[in-house]
Amino acid sequence: MINSKWFQDSVVYQIYPMSFQDSNNDGIGDLNGIAQRLPYLKKLGIDVIWLNPIYKSPNKDNGYDIADYQNINPEYGTLADFDNLLKAIHQHGMKLLMDLVVNHTSDQHDWFKKSAQSRNNEYADYYIWRDPVAGREPNNWRAAFGGSAWTYVHERDQYYLHLFAPGQPDLNWENPTVRQSVFNIERFWLDKGVDGFRMDVINLISKPAGLPNVQGTPTVGKTFEIVADGHRLNEFLKQMNDEVLSHYDVMTVGEMPGSTPEDAIKYTGLQSHELNMVFQFEHVSLSPNPDTRLDKWNDKPIKLVELKRALNHWQKELDGQGWNSLYWNNHDQPRAVSRFGNDDPQYRVRAAKMLGVTLHLMQGTPFVFEGEELGMTNVHFTKLEQYEDLESINAYHELVEEKGLVEGSTMLKYLANVSRDNARTPMQWSAKVNAGFSQVKPWYAVNPNYQEINAAAELADNTSVFYFYQKLIQLRHDHEIIRYGTFVELDPQDNEVYAYKRNYKGKTILVMSNFTDKSVNRDYGIKQENKLLISNYTDDQGTKLRPYEAKAYLFE
Ligand code: GLC
Ligand code: CA
């Protein structure tokens, strides 16, 4: 059996600092705002907080373009504010994960500014520079936020690689000095007392030898396939662990687009000493457009059988071998209840709770994204001007205007469905002005439904999504079987109900969730003596599952 570690026993809460709580009324969330809300997180039962990047950044990609890893973005506060926040988190008995973005920096980082000046200076080899080929880009790779993955710099008469925006140049991990610089950044934060890292796109750091062209029509997807899980990734992660992480008691999560359970076992295997767990993308990549040129932009609902296949597969493969992270949404994904449940006011609360049951009773470490515990929804924007995220805006310009692949009105529907901006509207604290996020106009629009959906209202209502999540978290803390039990899938072909069992030390938990707005009947052999652990309806009708009904029983 696995030796339990705190990373396996924890529930993590993700904070998008810009949109969480503004404390000084400039419209932007900040560190002191987070500090004010710690009692709220404690009440929910959270063990660990993960902060999206708070370092100095020109914010072209909202902090994922870092200009100084050892300073706080002034909009969020100062290093002293950070120290106070960390102390307060620890005093509340919680831990803190920082976001480590080291596949790339900002083009405003000193390393890059120097690197771009000439081919021979101390930083010349910190990034991935290549000569032009026949006067053009060195290869056909495409960047995640549109266009070529290469940008030309006159001073060096060379191109640099950026898998994301041009303002996000990729670091050259082949250079041992770059690796030492990254390790020093890690030590800086760990020595302050932070409890671990969420590592941004960490499976992209080792580029394939020779940077070969992608075959056929180049797309972002194919570029990432060629780059992900490069031949030196294990070596780099092991070195990081040997030299830094193993000297601290930390939790690490690697964001790994495109990774399979086999990859995850390599990197996070309980014996492998690289990372504790990965964020995999299978279940959040389920409804790509059938026209691959349109990539993730689509408005089709997800089929439950596919969702089950994706999640069950990870549950089964990693059992006893590695450890899962469990998440429905984050700052890069639409809101869970809108995407996987139903955000119609008639069903929203029920569906949000149903999703909570489905995910929180699996094996792994659950991550709750700010507002998910309130059942916050997509914002349902209808105009391009309402978007802020470079991914959405660039995609609209490229697919509608430059390439003419899709009608503007259709693309707006796609954006409303899957844009990252759905996750980035301010946290809904109360029915007061600007949802209690700020006294002044927030940096980004508040979802107009904040009058109905907000923390103050939910804290005053013991049937709210908030208290339901509180109960789910408490159950996990109380029951070893929820944390470590083996997962057994039930009826994978059932397109209406998500059911599974967990087994541990002679006990069993049965979980069943109706993903539809109809009543259905399912007989899983429940008896009078089986204990109902949790349900999102007040009465139990046995084999009948009402719209979005979810419940779990303990068989002892
Ligand atoms: C990750 C982040 C995302 C960011 C990208 C580039 O996927 O979660 O927000 O845009 O990496 O850093
Ligand atoms: Ca502020």
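# Notebook: fold, sheet, calcium site and pocket

**Overall fold.** I counted 17 helices and 20 strands in the protein. I note at the outset that this is a predicted model. I next looked up the overall dimensions. The C-alpha atoms fill a box of roughly 75 × 50 × 50 Å, taken along the principal axes. I then compared the radius of gyration with the value for a compact globule. For 556 residues such a globule would have a radius near 24 Å, and the protein has 23 Å, so the two agree. I also looked up burial across the protein and found that buried residues make up 62% of the 556 residues.

**The open sheet.** I traced a sheet of 8 strands. The sheet is open, and its strands follow the order S11-S10-S9-S5-S2-S1-S13-S12, with parallel pairing. Its edges are strand S11 (277-279) and strand S12 (325-326), each of which pairs on one side only. I recalled for reference that strands of a sheet pair through backbone hydrogen bonds, either parallel or antiparallel.

**Strand S5 within the sheet.** I then examined S5 and its two neighbours.

- On one side, strand S2 (residues 48-51) is joined to S5 by 3 bridges, and the two run parallel. I looked up the partner of Val48 in S5 and found Lys95.
- S5 is also joined to strand S9 (residues 196-199) by 3 bridges, again in parallel. In S9, Asp99 has Arg198 as its bridge partner, and Leu100 has Met199.

I asked how many of the 6 residues of strand S5 are buried. I found that 5 of the 6 residues in S5 (residues 95-100) are buried, so the strand is largely enclosed by the rest of the structure.

**The calcium ion (ligand 2).** Which residues coordinate this ion? I listed Asp22 (OD), Asn24 (OD1), Asp26 (OD), Ile28 (O) and Asp30 (OD), at 2.2 to 2.3 Å. Ile28 contributes its O atom. Along the chain, the donors of the calcium ion (ligand 2) follow the spacing D-x1-N-x1-D-x1-I-x1-D. I checked the accessibility of two of these donor residues. Asp22 has a relative accessibility of 4% and therefore counts as buried, the cut-off being under 20%. Asp30, at 3% relative accessibility, counts as buried too.

**The second largest pocket.** I recorded a volume of about 500 Å³ for this pocket. It is lined by 22 residues, and the closest to its centre are Lys5, Phe7, Val250, His273 and Asn276. I asked which element gives the largest share of the lining. The element is helix H1 (residues 6-9), which supplies 3 residues. By class, I noted 8 nonpolar, 11 polar and 3 charged residues in the lining of the second largest pocket.

Most residues other than glycine have a negative phi.

- His380 has a phi near 55°, which is positive in a residue other than glycine. I located His380 in the loop between strand S13 (365-369) and helix H13 (390-402). Its relative accessibility is 47%, so His380 counts as partly exposed.
- Tyr548 has a phi near 55° as well, also a positive value in a residue other than glycine. I located Tyr548 in the loop between strand S19 (544-545) and strand S20 (550-555).

- Glu122 lies in the loop between helix H5 (110-115) and strand S6 (129-130). Its relative accessible area is 68%, so Glu122 is exposed. Glu122 and Val101 are 21 residues apart in sequence and 22 Å apart in space.
- Leu532 lies in strand S18 (residues 531-535). Leu532 is partly exposed, with a relative accessible area of 33%. Between Leu532 and Gly364 I noted 168 residues in sequence and 22 Å in space.

Notes: Residues are numbered from 1 along each chain as its sequence is written. Chains are lettered from A and ligands numbered from 1 in the order in which they are written. This is a predicted model: local features need pLDDT of at least 70, side-chain atom pairs count only at pLDDT 80 or more; totals for chains, interfaces and linings use all residues. Side-chain values use heavy atoms; hydrogens and water are left out. On a 1 Å grid over the protein atoms alone, a cavity is a set of points where a 1.4 Å probe fits but cannot get out, and a pocket is an open set with protein on both sides within 12 Å along at least five of seven lines; lining residues have an atom within 4 Å of a point. Grid points are joined across faces, edges and corners, and a volume is the space filled by probe spheres set on the points. Helices (H or I, at least four residues) and strands (E, at least two) are DSSP runs, numbered from the N terminus. Ala, Val, Leu, Ile, Met, Phe, Trp, Tyr, Cys and Pro count as nonpolar, Asp, Glu, Lys and Arg as charged, and the others, Gly among them, as polar. Buried means under 20% relative accessible area, exposed over 50%, partly exposed in between (1.4 Å probe, protein chains only). Two strands pair if DSSP finds at least two bridges between them. Donors are N, O and S atoms within 2.8 Å of the metal (3.2 Å for Na, K and Ca); water is not among the atoms, so sites may look incomplete. The radius of gyration is taken over C-alpha atoms; the globule rule is 2.2 Å times the number of residues to the power 0.38.
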